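The following paragraphs go through a structure step by step. Please keep the sequence and the model in view while reading.

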Amino acid sequence: MIPRLQAHGIGKAFGATRALHGVDISVAPGEVLAVIGENGAGKSTLMNILSGVHRPDSGTLLVDGHPYRAGDPQAARAHGIAIVHQELCLCDHLTVAENICLGAWPSRHGFLARGQLALKAQAALDRLGADLALASRCGDLSPAQRQLVEIARALAGEPRLLILDEPTSSLGARDIELLFRAIRSLTADGMSVVIISHQLDECRALASRFTVLRDGASVGAGLLAEISDSAVIRLMVGRDLAELYPKAARTPRTRQLALNVTDKVTVDAGEILGIYGLIGAGRSELLHHLFTPPTEKLAGGIGLLSEDRRGEGLLIHRSIADNLTLTCLARLSRWGWLSTGRQHAAATPWIQRLGIKCAGPGQIVRELSGGNQQKVALGRLLHHGCRVLLLDEPTRGIDVGAKAQIYRLISEQAAQGTAVVMVSSYLPELFGVCDSLAVMRQGKLSPPRPVNEWTHEQALAAAV
Ligand SMILES: Nc1ncnc2c1ncn2[C@@H]1O[C@H](COP(=O)(O)OP(=O)(O)OP(=O)(O)O)[C@@H](O)[C@H]1O
Ligand SMILES: [Mg+2]
């Protein structure tokens with residue numbers, strides 16, 4: 001059988017950074033391939049090459065056996081390749097229907113054909129099984145709804161190869177199920193899929209084959225059914241993972257109230273409170289409520305890692321050093337002059353501690369891989385040394401190896417007396433990291449209990 005896609009010897013450098021060297025992948029018609037690797041391994045770069053966003057420096061691409069001109073999004077689309085990017089890129093001022101058909105608005109005699117636009121957009125939503133109002137402005141949608149619009153947009157072109165770069169990062173369990181069901185039915189009709197996810201169980205649920213990238217090269221490939229999780233992780237990070245939930249030594253302290261979360265829920269200095277709940281249960285709203293108004297709170301020592309890192313958490317056109325030190329510039333300047341040297345010196349240990357893969361503290365955040373951008377957003381808060389930390393899904397998009405490091409840093413902050421509120425839809429990490437746990441359902445927060453007084457089943461039952 002002729003592969004749907006065959007990429008051979010793909011190489012790509014950005015200045016001195018060699019993002020890919022000599023990568024081979026192939027996908028058969030109707031097959032789902034999982035591309036796995038650490039943050040900065042080169043996954044998104046490879047997908048951007050397949051979809052025509054970047055031109056590779058070397059290598060060949062064949063689609064259904066035909067060579068195709070790389071570095072040309074039009075050519076990719078003409079060959080039936082569609083991509084859902086890791087960083088969502090919707091036009092906020094346009095409607096759901098307009099965004100879904102973006103780039104291919106139907107016209108009649110040069111005028112936008114509204115009726116056709118609606119039909120086409122609705123068909124794409126139906127293919128996904130998503131229930132969204134066509135006339136809603138995308139700027140008003142929740143992160144999960146926006147992600148569904150992106151996916152519907154990719155499906156609207158009826159692709160033969162669909163590339164999904166971490167498509168589930170903002171989705172709740174029900175939407176993930178919708179997406180997976182849609183993908184299974186489309187692959188049964190012959191569509192091929194390449195999926196990137198840091199959740200191995202998601203890869204296993206959809207894909208039959210995998211390729212692992214490390215430092216821009218393929219280091220292993222095969223059938224997912226024939227490899228264990230720990231063997232995949234060993235390929236990814238090049239070593240065994242010692243301890244996923246490392247804990248810093250903490251001395252019991254006299255209870256000292258740090259924050260009232262609600263009338264009945266409080267957090268003490270040095271305590272890590274986990275809030276479990278499904279996406280859409282009101283968790284993010286709660287954190288925002290605790291945080292407003294921002295300037296006052298940061299000065300008073302409350303830091304928020306919000307769900308929308310790009311919109312609220314990062315200056316992506318500025319350097320890593322700027323982002324990490326933004327909240328303490330006064331400390332780094334003398335007589336009003338900001339010293340770049342001192343700024344870089346302050347940023348460098350955080351780059352090491354968080355394992356940020358970059359060319360140096362002066363690199364622009366936009367040039368970092370998605371997961372490494374997340375680490376900068378988190379590092380900025382940790383560096384500020386807030387008295388209270390509010391963390392919304394702190395390890396979303398972070399690879400398994402780096403997760404352990406982030407859990408350690410959170411635990412160290414608590415050991416120094418910081419009160420932490422950590423929201424997550426991933427129960428194992430809450431059980432691994434937190435002292436106490438409360439569950440949120442439909443905007444209501446349960447009373448917190450020490451984690452060892454909860455079972456996974458109880459927490460799940462309280463959330464749904
Ligand atoms: N436009 C760019 N300019 C400079 N360097 C870049 C650019 N895009 C990517 N890189 C670099 O290429 C490398 C691979 O990045 P890539 O985004 O492909 O990683 P990834 O595997 O998708 O990681 P993640 O899991 O964090 O999304 C990184 O070192 C990154 O900094
Ligand atoms: Mg990526």
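In which strand is Ile195 found? Ile195 belongs to strand β10, where helices (H or I, at least four residues) and strands (E, at least two) are DSSP runs, numbered from the N terminus. This is a predicted model, in which local features need pLDDT of at least 70 and side-chain atom pairs count only at pLDDT 80 or more, while totals for chains, interfaces and linings use all residues. Residues are numbered from 1 along each chain as its sequence is written, chains are lettered from A and ligands numbered from 1 in the order in which they are written, and side-chain values use heavy atoms, with hydrogens and water left out.

With a relative accessible area of 0%, Ile195 is buried (buried means under 20% relative accessible area, exposed over 50%, partly exposed in between; 1.4 Å probe, protein chains only). Leaving aside neighbours within four places in sequence, the residues in contact with Ile195 include Val32, Leu33, Ala34 and Val35, along with Leu164, Pro167 and Leu206; contact means heavy atoms within 4.5 Å.

Strand β10 is part of an open sheet of six strands, in the order β6-β9-β10-β3-β11-β12 and with mixed pairing. Two strands pair if DSSP finds at least two bridges between them. Because β6 (81-84) and β12 (217-223) each have a single partner strand, they stand at the edges, and one side of each is left without a neighbour in the sheet. On average, neighbouring strands of this sheet are turned by 15° against each other, direction ignored; axes are lines fitted to C-alpha atoms, for helices over the stretch in contact, and angles run from 0 to 180 degrees between N-to-C directions. Helix α8 (residues 229-237) packs on the sheet and touches β3, β11 (209-214) and β12, its direction making about 30° with that of β11. Strand β3 (residues 32-37) runs parallel to β10 (residues 192-196), and four bridges join the two. Leu33 stands opposite Val194 in β10.

Ser44 is partly exposed, at 22% relative accessibility, and Gln86 is buried, at 18%.

The domain assignment, automatic or from a database, gives domain 1 (5-237) and domain 2 (257-463). Their C-alpha centres lie 29 Å apart.
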